Amino acid sequence: MACGDHAEDLALHYLQAKSFTLEERNFNCRYGEIDLIMRDKDYIVFVEVRYRASLQFGGALESIDQFKQAKLRRAAEYYLVKRKSNDCACRFDILCVNGNLNKPDYEWIANAF
């Protein structure tokens with residue numbers, strides 16, 4: 001299993017432990033990919049998962065620039081229209097998985113952008 005896939009598994013379990021439910025995983029469209037689409041009470045949450053084994057070249061959070069945010073927004077808009085959920089409250093979260101995947105550190109930013 002690739003490190004990115006394992007990090008997504010860890011992120012999914014982390015959020016499920018916080019009572020989130022999975023709507024869809026690795027949603028792909030012409031605008032990009034959304035790692036996890038979760039439900040948190042009345043919110044649809046679009047989650048970008050980032051993994052960094054080392055912070056030597058910057059953490060996972062720094063890798064989500066304005067261009068990545070724009071791609072995620074476009075993909076989320078497409079998802080909402082396709083699912084006819086465009087009247088639903090939604091937000092974008094970032095879940096960073098850092099360090100050793102056997103004992104990772106999590107950095108979760110709800111409503112990140």
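Predicted model: local features only at pLDDT ≥ 70, side-chain atom pairs only at ≥ 80, totals over all residues.
Local features are given only where pLDDT is at least 70 and side-chain atom pairs only at pLDDT 80 or more, while totals for chains, interfaces and linings use all residues. Residues are numbered from 1 along each chain as its sequence is written, and side-chain values use heavy atoms, with hydrogens and water left out.

**Helix α2**

Helices (H or I, at least four residues) and strands (E, at least two) are DSSP runs numbered from the N terminus. Helix α2, residues 66-82, has 17 residues and spans 24 Å from its first C-alpha to its last, close to the 24 Å expected at 1.5 Å a residue; the expected span is 1.5 Å times one less than the number of residues.

Its buried residues are Lys 68, Leu 72, Ala 75, Ala 76, Tyr 79 and Leu 80. Seen down the axis of α2, the buried residues fall within an arc of 140 degrees, so they line one face of the helix; the arc is that of the directions from the helix axis to the C-beta atoms. Gln 66, Phe 67, Glu 77 and Val 81, on the other side of α2, are exposed. Buried means under 20% relative accessible area, exposed over 50%, and partly exposed in between (1.4 Å probe, protein chains only). The cover over the buried residues includes β1 (21-29), β2 (32-40), β3 (43-52) and β4 (89-98).

**Nonpolar cores**

A nonpolar core is a set of buried Ala, Val, Leu, Ile, Met, Phe, Trp, Tyr and Cys residues joined through side-chain atoms within 4.5 Å. The largest has 16 residues, and among those with the most contacts inside it are Phe 27, Ile 37 and Tyr 79. At least two residues of this core come from each of β1, β2, β3, α2 and β4, and α2 gives the largest share, five residues. Apart from this core lies another, of 14 residues, including Ala 7, Leu 12, Val 47 and Val 49.

**Salt bridges**

A salt bridge is a side-chain nitrogen of Lys or Arg within 4 Å of a carboxyl oxygen of Asp or Glu. The whole structure has nine, among them these:

| Pair | N to O distance |
|---|---|
| Arg 25 and Asp 9 | 2.7 Å |
| Arg 91 and Asp 40 | 3.1 Å |
| Lys 68 and Glu 48 | 3.8 Å |

Arg 25 lies in strand β1 and Asp 9 in helix α1 (residues 3-16), so this pair ties together parts 16 residues apart in sequence. Lys 68 and Glu 48 are both buried. Asp 40, Lys 41, Arg 91 and Asp 93 are linked in a network of salt bridges.

Key. Contact = heavy atoms within 4.5 Å.
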